[in-house]
Amino acid sequence: MNNIKNIDTLDNTLVKILKIRLDSLQQSIEKAKLEINLKPDLHHDLSNVLLFSEFIASSFIKKPQIFHDLIKSNDLCKSYSQHTYITRLEKSVSKEMDLNKIKTTLLQIKLYEIIRIAWRDLTKKAKLEETLEDISNLADAILDTAMTFLYDENCRRYGIPVDHEGNFQRIVVLGMGKLGARELNFSSDIDLIFIYPEDGYTNGENIISNGEFFTKLCRMFLKFFSSIAQEINFYRIDTRLRPYGDGGPLVMSSAGFEEYYQAQGREWERYAMIKA
């Protein structure tokens, strides 16, 4: 990796911090036997990012492969479309993976993409609107991938939930608060409400009601994202905005959900639904 210059104008303390982080990164890259050639315009960006983000600095030092991949892919200079994250996850996740492998893969992808988003934010390559949109789209893609995997796993146990006419039932996940408004930031909780379309039963050997099926599914989903000892935090899921709050069912049918908002929903709850 080319040495970073032009740090003479920094305060002495900041210079020391930057040099320590640059030296540590250089050692990690050499130990991993990686070859990284920075373009001239990325020299200054790297010094800014390492200096002002301890999270990115420590991530690069621990896992220099991420730094290598970001530079080689040119992702740091790209704006993503609304569907980029979904497309990338579809290529990285397969039905043959087990639960632990899915979780590990999603955590790795989140780390890579969060660093990319933060880099573009710190170096002013992305406006605030793009940064918030990217964080929200990444969360959407990861939540959707996890829910799809868990839904399929639950279907293998109990069969597919169907309504009284035999139509397959899928869960509906509403993003509330900052996610619903596309304003998610790096440390935001994610407020979700779970709904299923119609009552009925599963069509497998171990028949259970749709309500029971989707309750089990939502509990699996919350456990999937529960706090664990990881180098990067997963998402903090908050379901207290659901009808009746903590005292209400974790997931409701669409009929029960509609009845609640028509008959009992408070003004702030109806306002919150506008952002969903």
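**Figure 1. Arg266 and Glu269 form a salt bridge.** The closest N and O atoms of Arg266 and Glu269 are 3.2 Å apart. The structure is a predicted model. Arg266 has a relative accessible area of 47%, so Arg266 is partly exposed. Glu269 has a value of 2%, so Glu269 is buried. A residue counts as buried when its relative accessible area is under 20%. Elsewhere, a network of salt bridges with shared partners joins Asp75, Lys78, Arg88 and Glu113.

**Figure 2. A salt bridge joins Asp75 to Arg88.** Here the closest N and O atoms lie 3.0 Å apart. Asp75 sits in the loop between H4 and helix H5 (84-92), while Arg88 belongs to helix H5. The two residues are 13 residues apart, and the pair links distant parts of the chain. Is Asp75 buried or exposed? Asp75 is buried, because its relative accessible area is 2%. Arg88 is partly exposed, because its relative accessible area is 29%.

**Figure 3. Asp45 pairs with Lys125 in a salt bridge.** The closest N and O atoms of this pair are 2.3 Å apart. Asp45 lies in helix H2, and Lys125 lies in the loop between H6 and helix H7 (128-158). How many residues apart are Asp45 and Lys125? They are 80 residues apart, and the pair links distant parts of the chain. Asp45 counts as buried because its relative accessibility is 8%. Lys125 counts as partly exposed because its relative accessibility is 31%. A search of the whole structure finds 13 salt bridges.

**Figure 4. Helix H2 packs against other helices through its buried residues.** Helix H2 covers residues 40-52. Its buried residues are Leu42, His43, Asp45, Leu46, Ser47, Val49, Leu50 and Leu51. Which helices do the buried residues of H2 pack against? The partners are helix H1 (12-31), helix H3 (54-62), helix H4 (64-73) and helix H6 (99-122). An α-helix has 3.6 residues a turn, so residues three or four places apart point the same way.

**Figure 5. Thr239 lies in a loop between two strands.** The loop runs between strand S5 (237-238) and strand S6 (251-253). Thr239 is buried, because its relative accessible area is 11%. The side chains of Thr239 and Arg242 are joined by a polar contact of 2.8 Å. What else does Thr239 touch, leaving aside neighbours within four places in sequence? Thr239 is in contact with Leu192, Phe194, Leu222 and Leu250.

Terms used: Residues numbered from 1 in each chain as written. Predicted model: local features only at pLDDT ≥ 70, side-chain atom pairs only at ≥ 80, totals over all residues. Heavy atoms only, no water. Buried < 20%, exposed > 50% of the residue type's maximum accessible area, 1.4 Å probe, protein only. Helix = DSSP H or I, 4+ residues; strand = E, 2+ residues; numbered from the N terminus. Contact = heavy atoms within 4.5 Å. Salt bridge = Lys/Arg side-chain N within 4 Å of Asp/Glu carboxyl O. Polar contact = N/O pair within 3.5 Å; in protein donor to acceptor, adjacent residues only side chain to side chain.
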